[in-house]
Amino acid sequence: MEDMMTSFAAKAAKDNFGLLLDTAQREPVTIEKKHRRVAVVLSVAEYDRLEAFEDAYWAAKSDSALKDGLLGVDESAKVMERLRRKNA
């Protein structure tokens, strides 16, 4: 995907900030400094989509861990408290 992404040199991004924002509404835009990618600008909608995807991923990982018998938050806190008391 990175090869197909629109790219702006840092100075061009600064000088054409409106165009950068307009382009980022349609696709992610990389910003380069000295021919090195240093940032990506993307729309709020794309950012929100990625955040939702990440939240769903971690929720699924958590559900899987609980099904595999790993302790939940409350159970973990109880075990840690017992260990703390035992070692105090």
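Helices (H or I, at least four residues) and strands (E, at least two) are taken here as DSSP runs, numbered from the N terminus, and on that basis the protein holds four helices and three strands. Followed along the sequence, these elements give the pattern β-α-α-β-β-α-α. The model is a predicted one, in which local features need pLDDT of at least 70 and side-chain atom pairs count only at pLDDT 80 or more, while totals for chains, interfaces and linings use all residues. Residues are numbered from 1 along each chain as its sequence is written, and side-chain values use heavy atoms, with hydrogens and water left out.

**Burial and helix H2**

In helix H2 (residues 17-26), the buried residues are Leu20, Thr23 and Ala24. Seen down the axis of H2, they fall within an arc of 100°, and so line one face of the helix; the arc is that of the directions from the helix axis to the C-beta atoms. An α-helix has 3.6 residues a turn, so residues three or four places apart point the same way. The buried residues of H2 pack against strand E1 (6-9), helix H1 (10-15), strand E2 (29-33) and E3, where contact means heavy atoms within 4.5 Å. On the other side of H2, Gln25 and Arg26 are exposed.

**Ser43 and helix H3**

Ser43 sits in the loop between strand E3 (36-41) and H3, and, residues up to four places away in sequence aside, it touches Ala24 and Gln25. A polar atom of the Ser43 side chain lies 3.0 Å from the backbone nitrogen of Glu46.

| Residue | Relative accessibility | Class |
|---|---|---|
| Ser43 | 8% | buried |
| Tyr47 | 46% | partly exposed |
| Tyr57 | 39% | partly exposed |

A search of the whole structure finds one aromatic pair. Tyr57 and Trp58 form this pair, with 4.9 Å from centre to centre and 80° between the planes, which is edge-to-face; rings of Phe, Tyr and Trp (its six-membered ring) pair if their centres lie within 6.5 Å, and planes under 30 degrees apart count as stacked, over 60 as edge-to-face and the rest as tilted.

**Overall dimensions**

Taken along the principal axes, the C-alpha atoms of the protein fill a box of roughly 65 × 30 × 20 Å.

Key
Buried < 20%, exposed > 50% of the residue type's maximum accessible area, 1.4 Å probe, protein only. Polar contact = N/O pair within 3.5 Å; in protein donor to acceptor, adjacent residues only side chain to side chain.
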